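Open the structure in your viewer and keep the selection tool at hand. We will go from stop to stop, and at each one you can pick out the residues named and look around.

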Amino acid sequence: MNEQNILKIIQSKIGTEYIGDDCAYLKDLGIVVTQDSLVEDIHFKRSWCTPYQLGYKSIAVNISDILASGALPLYVTVAISLPNDLNDKFVSEFYDGAKSALCGADIVGGDITGSTDKIMVSISAIGSTKGRNISSRANAKDGYAVITKGLYGSSAAGLKELMSGGKNKNLIKAHLEPKLEYRFSQEIATIVKEPYAMMDTSDGLADALFKIADSSNVSIKIDYDLIPHLENITREQVLFGGEDYKLVAVLPEKYVENINGAVKIGTVLDSDFRLDVSGVKYNNYSDLNVYNHFGASNG
């Protein structure tokens, strides 16, 4: 199954007004809404993570979408399906982890059901747009700067550690407990006055950059050497690894120096390509080695 093809089918059935960005912006209500699901042996393995870490990441992947929109995280609901072999201790630790990833939001409800043998978690999150300039991946313009914050490829390297039985605790933590860029989002959404684009890098940095360029009908040129990453992290992990849950923003150049910790990694151009990473051009989405949400054992 291919996520992009599925999205195109959904868009053809229900329209595109709210389908496109990772959050639906309900302007009349002053909120953004998002939802994500994690399925055992697709998005995580029970043997690779503690209940705390599963709770943390389940919330984090949704809060990250709220932050990518520029909104303030407010409320979260948690629906979880549990097999009979789990006990009360699992539930207690899961919610300890969930609470630690809320970035100020509150868990206000949800649903609990049984399952045959797999854990399934589905989270919905709501953010407030009050006093915030909300992003859209279609807002990038010629001459804008591309900025980010935080390290890339560490989550993919952490997944590799888990799959190979490695012991690098820092990399494994980057995969299981990704640090969210709350203040980076807050500063951009309150300082930038013009339309801007911002996405999280849940599916990889290259994925986010290509989607912004494509939605905005512009070209994005990136200098790979400027992308923050640890030594010994591969180019493949940096660009395509996924699940770093960092934010990449495309905004007017004049704001770059006002965003604490921002690293400029590229520029928006009016050219004949979609994405150029240090001379390597990607003109079609299929050229990217994108993260597959339908593959087994992603993390």
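**Stop 1: aromatic rings**

Four aromatic pairs are found in the structure, which is a predicted model. Begin by selecting Phe 240 and Tyr 282: their ring centres are 6.1 Å apart and their planes meet at 75°, so this pair counts as edge-to-face. Colour the elements around them, and you will see Phe 240 in helix α8 (residues 235-240) and Tyr 282 in strand β12 (residues 280-282), so the pair ties together parts that are 42 residues apart in sequence. Are these two residues buried or exposed? Both Phe 240 and Tyr 282 are buried.

Next, select Phe 90, Phe 94 and Tyr 95, which together form one aromatic cluster.

**Stop 2: charges over rings**

The charged end of Lys 45 sits over the ring of Trp 48, at 5.8 Å from the ring centre. For another such arrangement, move to Arg 235 and Tyr 224: here the charged end of Arg 235 sits over the Tyr 224 ring, 5.7 Å from its centre.

**Stop 3: helix α2**

Select residues 51-69 to bring up helix α2. Its 19 residues reach 28 Å from the first C-alpha to the last, close to the 27 Å expected at 1.5 Å a residue. How many residues of α2 are buried? The count is 18 of the 19, so the helix is largely enclosed by the rest of the structure.

**Stop 4: helix α4 and Ser 155**

Move on to residues 154-164, helix α4, which is mostly covered, with eight of its 11 residues buried. Among the buried ones are Ser 154, Ala 156, Leu 159 and Leu 162. What covers the buried residues of α4? The cover includes α5 (169-176) and α8, the helix that also holds Phe 240 from the first stop.

Zoom in on Ser 155, which lies in α4. Ser 155 is buried, with a relative accessible area of 1%. Leaving aside residues up to four places away in sequence, Ser 155 touches Ala 174, His 175, Gly 242, Glu 243 and Asp 244. Just after α4, look for Gly 165, where phi is positive at about 80°.

**Stop 5**

How many disulfides does a search of the whole structure find? The search finds zero. Cys 23 is buried, with a relative accessible area of 8%, whereas Cys 103 is partly exposed, at 25%.

**Last stop: confidence**

Finally, colour the model by pLDDT. The mean for the protein is 92, and 90% of its residues reach 70 or more. Then select residues 293-299, where pLDDT stays under 50. The model has 27 contacts beyond four places in sequence for residues 293-299. Where pLDDT is low, predicted coordinates should not be read in detail.

Definitions and conventions:
Residues are numbered from 1 along each chain as its sequence is written. This is a predicted model: local features need pLDDT of at least 70, side-chain atom pairs count only at pLDDT 80 or more; totals for chains, interfaces and linings use all residues. Side-chain values use heavy atoms; hydrogens and water are left out. Rings of Phe, Tyr and Trp (its six-membered ring) pair if their centres lie within 6.5 Å; planes under 30 degrees apart count as stacked, over 60 as edge-to-face and the rest as tilted. Helices (H or I, at least four residues) and strands (E, at least two) are DSSP runs, numbered from the N terminus. Buried means under 20% relative accessible area, exposed over 50%, partly exposed in between (1.4 Å probe, protein chains only). A charge sits over a ring if NZ of Lys or CZ of Arg is within 6 Å of the ring centre and within 35 degrees of the ring normal. Contact means heavy atoms within 4.5 Å. A disulfide is a pair of cysteine sulfur atoms within 2.5 Å. The expected span of a helix is 1.5 Å times one less than its number of residues. pLDDT is the predictor's confidence in each residue, from 0 to 100.
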